[in-house]
Amino acid sequence: MATCRSVITRALQQARIVPLGRDPTSKEAEAGMLALRGIYDGWATGGMFGRLTDVYKSEDYTAEPGDRIFADDATITLPDTVEGDDGTRIPRDLAQISVNDGTWRHWIWTGLWTELTGLTLDSEAPLSERDQEGLSSLLAIYLAEGFGESVGQMTASRGMRFQGGVSHKFGSTQDVVASDYF
């Protein structure tokens, strides 16, 4: 998995803000970190990883995937396994748990619980192991606009494909569900 710093550096290069061979300045890196955090926060609060169920707890609780927990002095445990119709299994790919214990914290399941909040430049960038260049391309789209630049067609396409793949959970092992309309 790549660090946030390496994803941001590549995104700034793709957005034509930082030339190849030069490291971003501290202000450029911080702008990139702010945008990357914004992407993850937007996904977590905007339903990218599925609908969440509000849960209110004032005592210790083991979360379920899909919980949005409001915890009042409670210890929240993230589960390594869950009980489903198919027995005991690991959480579904990209399942989300959010906890508010004074501030929001968001996790997604990527084979282990990966926190999307509290990231620094030296943190591992969530989902970069799936497509680092795609994540960098998506970030480049966000950064280019803020810096008055533009990205090339291939960068824009790659970034949007990455976001679509996360949204549609391509590569996920979730069962296909058919909807009944009538």
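I'll start with a pairing: strand 3, residues 67-71, and strand 7 run parallel and are joined over three bridges. In that pair, F70 stands opposite N100 of strand 7. This is a predicted model, so keep that in mind throughout.

Strand 7 has another partner, strand 8, residues 104-109. Those two are antiparallel, with five bridges between them. Here I97 stands opposite W107 of strand 8. Strands 7 and 8 form a hairpin with three residues between the strands, and in that hairpin G102 has a positive phi near 120°.

Now, how many residues of strand 7 are buried? Five of the five, residues 96-100, and so strand 7 is largely enclosed by the rest of the structure. As a reminder, in a regular strand the side chains alternate between the two faces of the sheet. In strand 7, Q96, S98 and N100 sit on one side, while I97 and V99 sit on the other. Both faces are covered.

Next, helix 3, residues 128-146. A straight helix of 19 residues would span 27 Å, but helix 3 spans only 22 Å between its end C-alpha atoms. Where is the kink in helix 3 centred? On G134, with an angle of about 50°.

G134 is also one of the buried residues of helix 3. Others on that list include L135, L138, L139 and L143. What covers the buried residues of helix 3? The cover includes helix 1 (4-14), helix 2 (26-45) and helix 4 (153-168).

Last item: just after helix 3 comes G148, with a positive phi of about 70°. That's all from me.

How values were computed
Residues numbered from 1 in each chain as written. Predicted model: local features only at pLDDT ≥ 70, side-chain atom pairs only at ≥ 80, totals over all residues. Heavy atoms only, no water. Helix = DSSP H or I, 4+ residues; strand = E, 2+ residues; numbered from the N terminus. Expected span 1.5 Å × (residues − 1). Bend = angle between axes of the 7 residues up to and from the residue. Buried < 20%, exposed > 50% of the residue type's maximum accessible area, 1.4 Å probe, protein only. Contact = heavy atoms within 4.5 Å. Pairing = 2+ DSSP bridges.
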